[in-house]
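Hi everyone, thanks for coming.

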Amino acid sequence: MVLFFTSNVVEPPATLYMGRDKVENEELIKYAWPQDVWFHVDKLSSAHVYLRMPENMAWESIPQALLTDCAQLVKANSIEGNKKDNLTIIYTPGDNLKKTGDMAVGQVSFHNDKRVKRVHVAKRENAIVNRLNKTKVETEVDHEQERVDRIKKESAIRRAAAAEKKKADLELARQREAEKAARSYDTLFDVEEDEAVPRKTGRELEEDFM
């Protein structure tokens, strides 16, 4: 089962989710969306909390209020961390999570440590935790089907974007051809005008100077 929470500190509201236990955490590590952001208490056992990244947001610049919601939810779901102040929460994109066969259930490392960021939590803020808990929904998730559906949707979006780009490129090419043709016509028209003017003979030129 996966626990889903809604953070309304951004518009549109953001979705946070986590596994109910370490077994479910293992599934989330395996099926985490590449762009989703994983949160965990640094150096302590805690829930694996994920932020389903909004399309218009970069993980490096998550708004502070939303970052605080994620960090508070992680702290509240750490048996040891919930009792402590001045904790560090680490977070990184889902595609940076690294899992090897010799790791314990729920344990992860990172492909690139430089893509791991940290946020400080001074203390538990009950108002935030209570607000998030009121939105909690527990759902059975078919992770494999969700993965297939996500890939299909992303592929459709890429195809639509490629088709739109091709259409724009063709329109730009037509405009350039039309402009080129217009310039060629103007040049031809100027040449024809020049040829239409009678050329004066040497005798006529002499008479002009007399």
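So, F39 stands opposite Y91 in β5. Strands here are DSSP runs of E, at least two residues, and helices are runs of H or I, at least four residues, both numbered from the N terminus. Before I go on: this is a predicted model, where local features need pLDDT of at least 70 and side-chain atom pairs count only at pLDDT 80 or more, while totals for chains, interfaces and linings use all residues. Residues are numbered from 1 along each chain as its sequence is written, and side-chain values use heavy atoms, with hydrogens and water left out.

Back to the strands. β3 and β5 pair in the antiparallel sense over 5 bridges; pairing takes at least two DSSP bridges between two strands. β3 also pairs with β4, again antiparallel, over 3 bridges, and there V37 has L51 as its bridge partner.

Is β3 buried or exposed? Buried means under 20% relative accessible area, exposed over 50%, and partly exposed in between, with a 1.4 Å probe and protein chains only. Well, 5 of the 5 residues of β3 are buried, so the strand is largely enclosed by the rest of the structure. In a regular strand, side chains alternate between the two faces of the sheet. In β3 both faces are covered, with V37, F39 and V41 buried on one side and W38 and H40 buried on the other.

Now the largest nonpolar core, which has 30 residues; V37, F39 and L51 are among those touching the most other members. By nonpolar core I mean buried Ala, Val, Leu, Ile, Met, Phe, Trp, Tyr and Cys residues joined through side-chain atoms within 4.5 Å. Helix α2 gives the most to this core, 6 residues.

On to charges. Which residue forms a salt bridge with D69? That's R131, with the closest N and O atoms 2.9 Å apart. The rule is a side-chain nitrogen of Lys or Arg within 4 Å of a carboxyl oxygen of Asp or Glu. D69 sits in helix α2 and R131 in helix α3, so this pair ties together parts that are 62 residues apart in sequence. D69 is buried, at 1% relative accessibility, while R131 is partly exposed at 25%. The count of salt bridges comes to 9.

Last stop, V129, also in helix α3. V129 counts as buried at 2% relative accessibility. Leaving out residues up to four places away in sequence, V129 touches Q72, A76 and R124, where contact means heavy atoms within 4.5 Å.
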